[in-house]
Amino acid sequence: MSILKVDTINEKTSGNGVEIAHALKGSGIAGHVKQVQINGSSGYTVMTSTTMTDALTCSITPSSTSSKILVMMNLNGITVGNNSAWMKLELYRDSTLIRNVSGICGYSVSHIHYNTDLSYNFLDDAVSTTSAVTYRLKYGASGSSVSVAFNNYGASNNTTSSAMTLMEIAG
């Protein structure tokens, strides 16, 4: 076995970077992060409809058809305004429903509604494209008399934000 010891590695051509060759270079190294896209949503939003509406969206253009997309969401200040009601959450890839995320239940005492935060991750291993893909988290109320909200931490302090992060993972 040989051991190579160096104090400095310099680029041959300035601005090209230094590449360490790998046995799998031709097909890429599976599992590494190729790119990251982030989109956030701030400001208080509330709805009382059962119609599913976009809460968060984020787009990414995979560099390979074998890539997977790790979808990470942080939803802040979620409020459901009625006991025994819930918020419906659905994750879409373009127009295709790929996951029912969760049903967040309401909890209130004396008309004081309590907020919650939710983090959710989903690995989409069925992307199979190099065209732009848009992920959408849609939300809706469980009934017509139910109010649901994002980014809600009190009437005078609606300063939270929710975010969706997409990571392309080499396949």
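**Notebook: salt bridges, core and chain ends**

I started at Arg136, which is partly exposed, with a relative accessible area of 25%. By the cut-offs I used, buried means under 20% relative accessible area, exposed means over 50%, and partly exposed is in between (1.4 Å probe, protein chains only).

I note that this is a predicted model, in which local features need pLDDT of at least 70, side-chain atom pairs count only at pLDDT 80 or more, and totals for chains, interfaces and linings use all residues. Residues are numbered from 1 along each chain as its sequence is written, and side-chain values use heavy atoms, with hydrogens and water left out.

**Entry 1: overall make-up**

I looked up the secondary structure and found zero helices and twelve strands. Helices (H or I, at least four residues) and strands (E, at least two) are DSSP runs, numbered from the N terminus. The pattern along the sequence reads β-β-β-β-β-β-β-β-β-β-β-β.

Of the 171 residues in the protein, 33% are buried. I then took the contacts, meaning heavy atoms within 4.5 Å. Among those between residues at least 6 apart in sequence, 80% join residues at least 24 apart.

The protein exposes about 10,100 Å², and carbon and sulfur atoms supply 49% of this area. The accessible areas come from the Shrake-Rupley method with a 1.4 Å probe; for residues, only the protein chains shown count as cover.

**Entry 2: salt bridges**

I listed the salt bridges next, each being a side-chain nitrogen of Lys or Arg within 4 Å of a carboxyl oxygen of Asp or Glu. Side chains of opposite charge can pair when their charged atoms come close. The structure holds three salt bridges.

One joins the side chains of Asp54 and Arg136, at 3.3 Å from N to O. Asp54 lies in strand S3 (residues 53-60) and Arg136 in strand S10 (residues 133-141), so this pair ties together parts 82 residues apart in sequence. I checked Asp54 as well and found it partly exposed, at 35% relative accessibility.

Asp54 also meets the side chain of Lys138 in a salt bridge, at 3.9 Å from N to O. This pair links distant parts of the chain, with Asp54 in strand S3 and Lys138 in strand S10, 84 residues apart.

A further salt bridge is formed by the side chains of Asp124 and Arg93, at 2.7 Å from N to O. Asp124 is in strand S9 (residues 115-124) and Arg93 in strand S5 (residues 86-93), so the pair ties together parts that are 31 residues apart in sequence. Asp124 is buried at 2% relative accessibility, and Arg93 is buried with a relative accessible area of 15%.

**Entry 3: the nonpolar core**

Which residues touch the most other members of the largest nonpolar core? I found that they are Met73, Tyr135 and Met164, in a core of 29 residues. Strands S3, S4 (68-80), S5, S6 (96-105), S9, S10, S11 (148-150) and S12 each supply at least two residues of this core. S4 gives the most, with six residues. A nonpolar core here is a set of buried Ala, Val, Leu, Ile, Met, Phe, Trp, Tyr and Cys residues joined through side-chain atoms within 4.5 Å.

I found Ser67 in the loop between S3 and S4, and at 3% relative accessibility it counts as buried. Its side chain makes a polar contact of 2.6 Å with the side chain of Glu168. A polar contact is a pair of N or O atoms within 3.5 Å; within protein, one must be able to donate a hydrogen and the other to accept it, and residues adjacent in sequence count only if both atoms are side-chain atoms. Leaving aside neighbours within four places in sequence, the contacts of Ser67 include Lys34, Pro62, Val127 and Gly171.

Gly171 is in the segment after strand S12 (161-169) and is partly exposed, at 39% relative accessibility. Beyond its neighbours within four places in sequence, Gly171 is in contact with Ala30, Ser66 and Ser67. I also looked up Gly171 against Thr65: they are 106 residues apart in sequence and 8.4 Å apart in space, C-alpha to C-alpha.

**Entry 4: a surface patch**

Leu4, Val6 and Ile9 make a nonpolar surface patch of about 340 Å². Patches are made of residues with over 30% relative accessible area and no salt bridge; like charges are joined within 9 Å, and nonpolar side chains (Val, Leu, Ile, Met, Phe, Trp, Tyr) within 5 Å. I placed Ile9 in the segment before strand S1 (33-42), where Ile9 is exposed, with a relative accessible area of 51%.
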